[in-house]
Amino acid sequence: MRTINKLWLFIAVLIILTPIGLILPAHFKSGAAWGEWGLDELRKLIGYMPEGIEKFSRLWSAPIPNYGSSGISYIISAALGIFIVITSVFLIGKFLSRKE
Amino acid sequence: MHIPDGYLSPQTGGFFYLVMAPLWIAASKIVKRNLKARQVPYLAFGASFVFVVMMFNIPIPGGSTGHAVGGTLVAILLGPWAAMIMITVALVVQALLFGDGGITAIGANCFNMAFILPFAGYYIYKFISMNSAKDSFRRALAAGIGAYFGLNTAALSTGIQFGIQPLLHHTSDGKALYCPYGLNIALPAMLLEHMLLFGWLEAIITFLVIRYLQKDDPGLIL
């Protein structure tokens, strides 16, 4: 098999394994990443809500916040995200690469 | 390490967009000069790889979570300027579609993960590997060490961006407007977790993939 095809297979395996990134933190009762707390979590941490965070955190509503929250939605999000990433890179690559 | 909207002031967010703009232009020019059409699939692979690696949240029991990026690895395959483009694409999709990282913080997040990380990682890799053979153990080890320090340099930069917020912006009664934690908390928090856990993960992933490519297709490694 050509190396690039093996690398794509590797990506496919990683997509299927992504729910590990959801299950492990839940199992160990870990919170959000440092500095990425939700509003309630932050209020609990410091006892008030910084005005700027309150104002700007609502600026953008992502269509699929946090990649969905179940294992299966996590896999679908990974696959969808990678499809968009690949499409974007091939478009960019059309402009940035040269024929030999 | 994905700074959300609101944790950096609009001024800080805007500043890093301004810093990144010339870097993105330079990356496009440099990649355009060097990238061959047959390398585009590898560019797509690299962007996909960093996208999916960042979804593997690893817990610190009872504490926070974090993840590897894979940025040094993709820099070793196509160079740091191409890495900047690959990681930027992944970060923009993560921010717009999944709300992972704020849209006002795309400049800052790209500065940390798409600029600082691959450049630090790549040049440390180059410095340690010197002119060792493409398939040498030393080169794979250099990749792992570069990856470790690349991620930690990015964590340092992120910690500084968070930590200067209370210094720059607060209400008259001393309450924070944006990130409430100063450098004394943000720096050790970001650095310790990456030095103790996520940096090792980044190093091991990079080492193993490079070790595999050395056996399978050493021509891919810069």
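This is a predicted model: local features need pLDDT of at least 70, side-chain atom pairs count only at pLDDT 80 or more; totals for chains, interfaces and linings use all residues.
Student: Which elements cover the buried residues of helix 5 of chain A?
Tutor: A residue is buried if 20 or more other C-beta atoms, placed from the backbone, lie within 10 Å of its own, exposed if 12 or fewer, and partly exposed in between. In helix 5 of chain A the buried residues include Tyr74(A), Ser77(A), Gly81(A), Val85(A), Val89(A) and Leu96(A). The cover comes from both chains and includes helix 1 (3-17) and helix 2 (20-27) of chain A, together with helix 1, helix 2 and helix 4 of chain B.

Student: How many nonpolar residues are in the contact of helix 1 of chain A with helix 5 of chain A?
Tutor: The two axes (lines fitted to C-alpha atoms over the stretch in contact, with angles from 0 to 180 degrees between N-to-C directions) come within 8 Å and cross at roughly 145°. Contact requires C-beta atoms, placed from the backbone, within 7 Å; Ile11(A), Ile15(A) and Ile16(A) of helix 1 meet Ile75(A), Ala78(A), Ala79(A) and Ile82(A) of helix 5. Ala, Val, Leu, Ile, Met, Phe, Trp, Tyr, Cys and Pro count as nonpolar, Asp, Glu, Lys and Arg as charged, and the others, Gly among them, as polar. The contact has no polar and no charged residues, and its nonpolar count is seven.

Student: Which element of chain B gives the most to the side of chain B that touches chain A?
Tutor: The contact takes 55 residues from chain A and 60 residues from chain B. On chain B, the elements that each supply at least two residues include helix 1 (10-34), helix 2 (40-53), helix 4 (80-98) and helix 8 (183-216). By class, that side has 39 nonpolar, 14 polar and seven charged residues. With 11 residues, the element that gives the most is helix 2 of chain B.

Student: Which two residues of chain B does Asn66(A) touch, not counting residues up to four places away in sequence?
Tutor: Asn66(A) lies in the loop between helix 4 (51-56) and helix 5 of chain A, and has a positive phi of about 55° although it is not a glycine. Asn66(A) is partly exposed, with 15 other C-beta atoms within 10 Å. Its contacts in chain B are Phe98(B) and Gly99(B).

Student: Is Tyr67(A) buried or exposed?
Tutor: Tyr67(A) is found in the loop between helix 4 and helix 5 of chain A, with phi near 65°, a positive value in a residue other than glycine. Because 24 other C-beta atoms lie within 10 Å, Tyr67(A) counts as buried.

Student: Are helix 6 (residues 137-163) and helix 8 of chain B roughly parallel or roughly antiparallel?
Tutor: Helix 6 and helix 8 of chain B pack with their axes 7 Å apart, at an angle of about 155°. Angles under 35 degrees count as roughly parallel, over 145 as roughly antiparallel, 65 to 115 as roughly perpendicular and the rest as oblique. The two helices are therefore roughly antiparallel.

Student: Which residues does Ser157(B) contact, leaving aside its neighbours within four places in sequence?
Tutor: Ser157(B) lies in helix 6 of chain B. Ser157(B) is buried, with 21 other C-beta atoms within 10 Å. Its contacts beyond those neighbours are Phe111(B), Asn112(B) and Ile116(B).

Definitions and conventions
Residues are numbered from 1 along each chain as its sequence is written. Chains are lettered from A and ligands numbered from 1 in the order in which they are written. Helices (H or I, at least four residues) and strands (E, at least two) are DSSP runs, numbered from the N terminus.
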